Amino acid sequence: MSVFRRNAALALAAAVVSAVAATSLAFVLPAAADTVLSLGRTASASSSEGGALAAGAAFDGDPATRWSSAWADPQWVQVDLGASATISKVVLSWEGAYARDYKVQSSSDGGSWTDLKTVTGGDGGIDTWNVSGTGRYVRMYGTARATGYGYSLWEFEVHGTGGAGTTPRPKPTFTDEVTHHEFQANCSLTANRPDDPIVFPGLPGASHMHTFVGNTTTDAHSTSSSLLAGTTSCTNHHDKSAYWFPSFYVGDQLIEPVGNQVIYYKSGILDYWQVQPFPQGLRFVVGSPTSTQEEFRTHPGAVEGFECGDLSKSWDIPAYCAPGSQVNVRFQAPSCWDGVHLDSADHKSHMAYPVGGYCPSSHPVAVPMLEFKIAFPASGDLSQARLASGRGYSWHYDFFNAWDDPRILDALVTHCINGGLQCDPRGYDLYKPHRGAALTEDFELP
């Protein structure tokens with residue numbers, strides 16, 4: 001074969017390879033578009049049986065969790081894809097309580113719906129439907145149950161292109177048993193003042209007495225900027241957040257907490273790997289100084305209430321505590337943010353508690369769940385003990401976020417909360433030393 005013919009053959013072969021590659025690429029691209037858009041997205045439903053059977057369980061990628069509705073027709077469960085999407089396929093994995101008749105629908109606004117698939121005579125199991133449509137919201141609308149129970153889905157996948165531009169944090173792949181997902185912010189007393197820069201900004205003396213920990217400059221005039229310019233009593237010097245609560249008295253004697261007080265940053269949702277750091281300047285109030293005892297007892301943020309010695313779950317300050325013990329109070333904050341407002345008129349509405357372990361669609365962003373654990377060195381006869389706001393069930397607290405380096409907070413959230421660890425203030429889990437720490441001993445990024 002001549003050199004010319006050999007080069008021509010090589011060129012032809014290269015062209016064939018190139019064409020095949022191009023053809024293969026053209027073939028592969030549509031398959032790459034078949035992405036699960038619904039994983040970890042905000043979900044809602046017409047009803048749920050409660051507990052961990054909320055709407056989000058059908059979109060968490062976990063085949064062991066499920067959504068389950070009330071025992072009535074009709075019912076629906078829907079997912080918010082975050083932005084408009086082109087929908088190519090849906091996969092519904094039914095539990096034993098499945099739909100006989102249902103529709104898969106899409107919507108641009110969550111109000112007007114277009115049918116993508118109508119099913120009659122369904123037999124449960126796994127339904128995979130190729131569909132064609134667009135929308136930000138996709139739902140299963142059940143019109144007839146196959147059993148006397150409700151509708152129940154292990155998983156509901158929506159495939160296609162588009163949707164939100166960000167991807168939810170992936171579920172971690174470590175093999176350690178997950179028993180905790182938290183880190184501590186240990187902060188000591190800084191002041192007692194009749195101030196509240198959230199409820200009464202710019203009005204010194206307008207509030208009942210509060211005890212402040214964390215930022216040393218907190219007063220009625222505090223703003224996000226002033227807190228960031230201040231100093232802190234927290235172990236981690238990057239945490240310049242302000243934390244405060246009603247002062248504790250026995251009779252007229254002010255009882256101050258001694259040493260570091262523990263403020264946990266935890267996951268309030270089941271999918272702990274989806275928790276995101278607080279946005280700078282976020283602030284809110286937890287609980288209410290006007291709560292009744294029943295409201296405090298049944299509040300979604302009530303954890304242990306008051307405790308001392310062997311006594312726990314007291315919904316008022318105990319009248320007596322064993323000598324040498326101390327009065328502890330624990331209370332959890334809401335951990336779902338509306339994703340827009342750093343504050344609201346009542347200083348609460350921009351936050352919400354999870355429902356069944358998932359953030360509601362009105363407050364789709366999961367942020368750390370704060371749990372104040374405050375210890376007052378008081379024991380013996382406490383029949384005259386009270387809070388500055390009233391009885392023990394008037395317990396409440398305030399938070400004003402001011403971490404001076406967002407990367408530090410993000411590192412702690414990622415390593416400890418998303419990572420399923422029980423961390424100290426620098427992000428080290430004593431029980432899992434092989435996982436390392438989020439920060440150096442100087443509380444800096446490694």
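Four disulfides are present in this structure, which is a predicted model. The main open space is a pocket of about 720 Å³, the largest one, and domain 1 (35–162) and domain 2 (182–435) both contribute to its lining, so the pocket lies between them. There's also one cavity of 30 Å³ or more. Here's the rundown, starting with the sulfur links.

**Disulfides**

- Counting bonded cysteines along the protein chain, the disulfides go 1-2, 3-4, 5-6, 7-8.
- Cys187 is bonded to Cys234, with an S to S distance of 2.0 Å. The link of Cys187 and Cys234 is right-handed, at 100 degrees about the S-S bond. Cys187 sits in strand 9 (residues 182–187) and Cys234 in the loop between helix 2 (224–228) and strand 12 (242–246), so this pair ties together parts that are 47 residues apart in sequence.
- Are Cys187 and Cys234 buried or exposed? Both Cys187 and Cys234 are buried.
- Cys308 and Cys321 make another disulfide, S to S 2.1 Å. The torsion about the S-S bond of Cys308 and Cys321 is about -90 degrees, so that disulfide is left-handed. Cys308 belongs to strand 17 (residues 302–308) and Cys321 to strand 19 (residues 320–321); the two are 13 residues apart, and the pair links distant parts of the chain.
- Cys308 has 5% relative accessibility and Cys321 a relative accessible area of 1%, so both count as buried. The cut-off behind that call is under 20% relative accessible area.
- Cys416 and Cys423 form a disulfide too, with their sulfur atoms 2.3 Å apart. The link of Cys416 and Cys423 is left-handed, at -100 degrees about the S-S bond. Cys416 and Cys423 are both buried.

**The largest pocket**

- The lining of the largest pocket runs to 33 residues, and the closest to the centre are Gly40, Arg41, Thr42, Gln274 and Pro364.
- Which strands supply at least two residues each to the lining of the largest pocket? Strand 2 (43–45), strand 4 (75–94) and strand 23 (365–366) each do.
- Strand 2 provides the largest share of that lining, three residues.

**The largest cavity**

- The volume of the largest cavity is about 40 Å³.
- The residues lining the largest cavity are Gln184, Ala185, Asn186, Cys234, Thr235, Asn236, Asp239, Trp403, Leu412 and Pro425. One of them, Cys234, is also a disulfide partner of Cys187.
- By class, the lining of the largest cavity splits into five nonpolar, four polar and one charged.

- Strands of a sheet pair through backbone hydrogen bonds, either parallel or antiparallel.
- Strand 11 (residues 210–214) is largely enclosed by the rest of the structure, because five of its five residues are buried.
- On one pairing, strand 10 (residues 189–193) and strand 11 run in the antiparallel sense over four bridges. Here Ala191 is opposite Phe212 of strand 11.
- Strand 11 also pairs with strand 12, again in the antiparallel sense, over five bridges. In that pairing Gly214 is opposite Ala242 of strand 12.

- Strand 21 (residues 336–337) and strand 23 run antiparallel and are joined by two bridges. Cys336 has Ala366 of strand 23 as its bridge partner.
- Strand 23 turns up in the pocket story too: strand 23 supplies at least two residues of the lining of the largest pocket.

Notes. Residues are numbered from 1 along each chain as its sequence is written. This is a predicted model: local features need pLDDT of at least 70, side-chain atom pairs count only at pLDDT 80 or more; totals for chains, interfaces and linings use all residues. Side-chain values use heavy atoms; hydrogens and water are left out. On a 1 Å grid over the protein atoms alone, a cavity is a set of points where a 1.4 Å probe fits but cannot get out, and a pocket is an open set with protein on both sides within 12 Å along at least five of seven lines; lining residues have an atom within 4 Å of a point. Grid points are joined across faces, edges and corners, and a volume is the space filled by probe spheres set on the points. Domain bounds come from an automatic or database domain assignment. A disulfide is a pair of cysteine sulfur atoms within 2.5 Å. Buried means under 20% relative accessible area, exposed over 50%, partly exposed in between (1.4 Å probe, protein chains only). Two strands pair if DSSP finds at least two bridges between them. Ala, Val, Leu, Ile, Met, Phe, Trp, Tyr, Cys and Pro count as nonpolar, Asp, Glu, Lys and Arg as charged, and the others, Gly among them, as polar.
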